[in-house]
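The exercises below are meant to be worked through with the sequence and the 3D view side by side. Try each task before reading its solution.

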Amino acid sequence: MSISNQPHIVINPTSGGGRTAKLQTAILQHIERRIGKTYSLCITQKPTDAMRSVAEALESGCTHILVVGGDGTMNEAVNGLMQNGFEAARNCTLGIISSGSGQGLALSLGLPRSLAQQIELALFGETVAIDAAKISFVDANGLACKRYFINECQIGIGAEVVRKTTPDRKRMGGRLAYGLRTLSLL
């Protein structure tokens with residue numbers, strides 16, 4: 001794959017229990033060494049920023065999105081891609097640089113653990129098609145909603161573990177943080 005236009009980069013500095021904020025400069029420097037400063041950038045500050053930013057980049061003609069964050073950030077990016085319909089999403093590549101605490105999506109896709117290797121794959125690796133699923137539901141306010149996902153959709157205890165694992169716990173690492181929360185909920 002080669003990048004045909006200016007990529008859009010989304011970074012969630014709070015992912016990985018704040019680990020991504022510490023790596024942000026190094027990640028951007030690595031990208032700049034490979035492609036220069038020819039990118040647009042969104043540093044998320046609150047939930048749905050990644051979704052909004054990806055949707056806006058797609059609307060402006062961007063065809064390559066790089067997302068730096070965890071599974072939640074990736075989920076927002078997928079929902080931003082799908083906001084403009086399947087065909088718009090189909091014409092865009094999503095480069096994944098996983099720096100979250102659990103890294104479930106990165107593990108499922110067999111991505112290397114090294115961020116440098118992930119950056120190289122996100123910029124120049126082979127494009128691989130993956131399925132996106134849609135779930136429709138009624139939220140707590142009684143509103144009909146739909147969301148897309150690419151790795152997993154959890155209900156019951158799995159969803160409760162993710163929901164109740166706090167950012168300060170994620171600093172311990174994903175396995176320990178999610179494992180302890182699972183035990184407490186059991």
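**Exercise 1. The chain as a whole**

Among contacts in the chain between residues at least 6 apart in sequence, what percentage join residues at least 24 apart?

Solution. Before counting, note that this is a predicted model, in which local features need pLDDT of at least 70 and side-chain atom pairs count only at pLDDT 80 or more, while totals for chains, interfaces and linings use all residues. Residues are numbered from 1 along each chain as its sequence is written, and side-chain values use heavy atoms, with hydrogens and water left out. A contact means heavy atoms within 4.5 Å, and on that basis 64% of the contacts between residues at least 6 apart in sequence join residues at least 24 apart. The chain holds 9 helices and 6 strands, where helices (H or I, at least four residues) and strands (E, at least two) are DSSP runs numbered from the N terminus. Of its 186 residues, 38% are buried, where buried means under 20% relative accessible area, exposed over 50%, and partly exposed in between (1.4 Å probe, protein chains only).

**Exercise 2. The largest nonpolar core**

Find the residues with the most contacts inside the largest nonpolar core, and the elements that supply it.

Solution. A nonpolar core is a set of buried Ala, Val, Leu, Ile, Met, Phe, Trp, Tyr and Cys residues joined through side-chain atoms within 4.5 Å. The largest one has 19 residues, and Val54, Ile65 and Leu81 have the most contacts inside it. At least two residues of this core come from each of helix H2 (49-59), strand S3 (64-69) and helix H3 (71-82), and H3 provides the largest share, 5 residues. Another core, of 14 residues, lies apart from it and includes Ile31, Ile35, Leu66 and Ile97. As for Leu81, leaving aside residues up to four places away in sequence, its contacts are Val54, Leu58, Ile65, Ala89, Cys92 and Leu94.

**Exercise 3. Helix H3**

Is H3 largely enclosed or largely open?

Solution. H3 is largely enclosed by the rest of the structure, because 9 of its 12 residues are buried. Among these buried residues are Thr73, Glu76, Asn79 and Leu81. From its first C-alpha to its last, H3 reaches 16 Å, close to the 16 Å expected at 1.5 Å a residue, the expected span being 1.5 Å times one less than the number of residues.
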